[in-house]
Amino acid sequence: MDTKKILLPESEIPRQWYNIVADMPTKPLPPLHPGTHEPIGPDMLAPLFPPALIEQEVSQERWIDIPEEVRDIYRIWRPTPLIRATGLEKLLDTPARIYYKYEGVSPAGSHKPNTAVPQAYYNKLAGTTKITTETGAGQWGSALSFACQHFGLACEVYMVRASYDGKPYRKIMMNTWGADVYPSPSIRTAAGRGILAAHPNSPGSLGMAISEAVEMAVHEEHTKYALGSVLNHVLLHQTIIGLETEKQLEMAGHFPDVIVAPFGGGSNFAGLGFPFLRHHLAEGKKVRCIAAEPTSCPKLTRGVFRYDLGDAVGMTPLLPMYTLGHNFVPAPIHAGGLRYHGAGAIVSQLLHDGLIEAQAHDQLTCFAAGVQFARAEGIIPAPEANHAIATVIKEAQRCKEEGRAETIVFNLCGHGHFDMAAYEQYLAGNLVEHEVTQREINQSLALLTTPLING
Ligand SMILES: *Cc1c(COP(=O)(O)O)cnc(C)c1O
């Protein structure tokens with residue numbers, strides 16, 4: 001009988017993160033200054049990030065050491081289990097082997113602490129006393145609050161207004177770890193005041209909240225900013241997920257045919273996928289990595305590959321990304337963590353080069369998949385993770401049609417315990433299908449004046 005749950009001892013927590021840039025056939029394009037459109041040097045990021053993170057952001061080294069202080073905190077919840085979804089396999093009557101890496105066992109309930117902890121650590125080393133950030137669904141804000149608390153740093157969180165109102169317990173979780181939380185747009189920043197003047201009832205967006213957090217970091221001393229996705233150093237930290245999974249699958253005697261993860265800015269997708277893609281790039285060992293995104297925010301499947309801002313008002317560098325435009329305000333679907341307009345530079349380049357794939361799913365399909373999973377496996381997934389499950393079900397059905405016993409591995413990147421209001425709406429039949437129209441995408445993209453990418 002196959003093992004249901006593959007566990008690693010603490011001593012097997014990886015000692016290095018994997019940097020895929022070292023193995024990419026086309027390196028990611030550099031960030032550009034939003035005013036001059038010239039490539040920016042690492043020094044331009046200094047007001048926002050401590051030196052060690054800037055170094056990682058531009059690093060081409062393949063392996064980067066995980067500090068012992070960080071590994072020590074990881075031990076609270078890592079290594080995370082890899083679980084065989086035997087119940088789901090049976091339900092789908094598929095010959096495929098389905099495994100999920102469960103990141104919901106972290107204190108904050110998702111993969112986000114994997115990067116929050118090293119980010120807080122490197123800030124502490126550099127003499128930072130406060131970190132500002134944004135949060136959408138509340139996962140990143142909780143993770144950073146937890147990490148800052150560990151290192152005695154103050155934490156100030158700008159929470160997208162729609163989530164602030166809809167998910168009060170996420171806010172209280174952050175407060176419990178000692179963070180200050182403000183609804184965004186707020187009157188605390190010039191960016192927030194400007195947005196509120198034009199749209200007094202703005203539900204907020206991640207782009208707006210980033211503008212506020214960045215503005216605060218730039219203007220206050222010993223204050224830095226932290227981002228929970230998109231950037232190269234964030235993806236790097238998350239590779240601990242895939243590196244552990246690699247060891248666990250080896251114990252089971254398998255190499256994945258298909259890797260699936262939900263996609264917001266790309267960090268948990270990269271985290272699970274890149275260590276396997278490494279074998280693909282270096283040894284030609286074929287693996288399909290599929291990013292699952294919502295049809296209401298489909299930057300990978302329907303966006304364009306060009307330079308765009310990371311935020312709403314232009315406080316950040318221009319990044320080469322698949323984007324729907326930085327002014328894009330996604331519909332308030334329940335997968336808050338996937339409502340970001342763009343994808344990180346590395347993932348965007350890999351998609352452009354055909355080395356990874358993407359699929360978009362409607363929220364009804366995703367909740368149906370999530371409920372199926374909860375009933376078959378027990379764990380109630382975060383709405384973001386439901387996007388991955390929708391893809392997994394599709395792939396498992398394909399395996400059945402083709403009679404192929406493929407190994408499918410997906411990231412169950414968080415639990416859905418703070419998302420009961422969303423499940424309630426789904427179960428009551430109140431959720432509607434949502435797909436952004438081409439007209440909405442065109443309108444948002446038409447506002448872009450940022451440089452195009454050739455090729
Ligand atoms: C933040 C988040 C995401 C999306 O962010 P990525 O950087 O794409 O991983 C997905 N799922 C959960 C549970 C999240 O908290």
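Keep in mind that the model is predicted.

Domain 1 puts 46 residues into the contact and domain 2 puts in 43 residues.

How much area is buried between domain 1 and domain 2? The figure is about 3900 Å², with carbon and sulfur atoms giving 67% of it. On the domain 1 side, look for Ala108, His233 and Phe418: they supply 19% of the area that domain 1 buries against domain 2, more than any other three residues.

Now for the polar side of things. Between domain 1 and domain 2 the count is one salt bridge. Lysine 167 and aspartate 419 have side chains that meet in a salt bridge, at 2.9 Å from N to O. Polar contacts across the interface of domain 1 and domain 2 come to 20 residue pairs.

Which elements give two or more residues to the side of domain 1 that touches domain 2? They are α2 (68-74), α10 (232-252) and α11 (267-283). The largest share of that side comes from α10, with nine residues. Sorted by class, the side of domain 1 that touches domain 2 holds 23 nonpolar, 15 polar and eight charged residues.

Helix α10 is worth a look from the inside, and leucine 236 sits in it. Is leucine 236 buried or exposed? Its relative accessible area is 3%, so leucine 236 is buried. Setting aside residues up to four places away in sequence, leucine 236 touches Trp17, Tyr18, Asn19, Gln56 and Ile64. For a sense of scale, leucine 236 and glutamate 283 are 47 residues apart in sequence, and 21 Å separates them in space, C-alpha to C-alpha.

Last stop: arginine 398, in helix α15 (residues 383-402). Arginine 398 counts as buried because its relative accessibility is 18%, and the cut-off is under 20%. Its side chain makes a polar contact with the side chain of glutamate 395, at 2.8 Å. Leaving out neighbours within four places in sequence, arginine 398 is in contact with Val258, Arg288, Arg404 and Glu406.

Key. Residues are numbered from 1 along each chain as its sequence is written. This is a predicted model: local features need pLDDT of at least 70, side-chain atom pairs count only at pLDDT 80 or more; totals for chains, interfaces and linings use all residues. Side-chain values use heavy atoms; hydrogens and water are left out. Helices (H or I, at least four residues) and strands (E, at least two) are DSSP runs, numbered from the N terminus. Buried means under 20% relative accessible area, exposed over 50%, partly exposed in between (1.4 Å probe, protein chains only). A polar contact is a pair of N or O atoms within 3.5 Å; within protein, one must be able to donate a hydrogen and the other to accept it, and residues adjacent in sequence count only if both atoms are side-chain atoms. Contact means heavy atoms within 4.5 Å. Buried area is the accessible area (1.4 Å probe) that two parts lose on being put together, summed over both. A salt bridge is a side-chain nitrogen of Lys or Arg within 4 Å of a carboxyl oxygen of Asp or Glu. Ala, Val, Leu, Ile, Met, Phe, Trp, Tyr, Cys and Pro count as nonpolar, Asp, Glu, Lys and Arg as charged, and the others, Gly among them, as polar.
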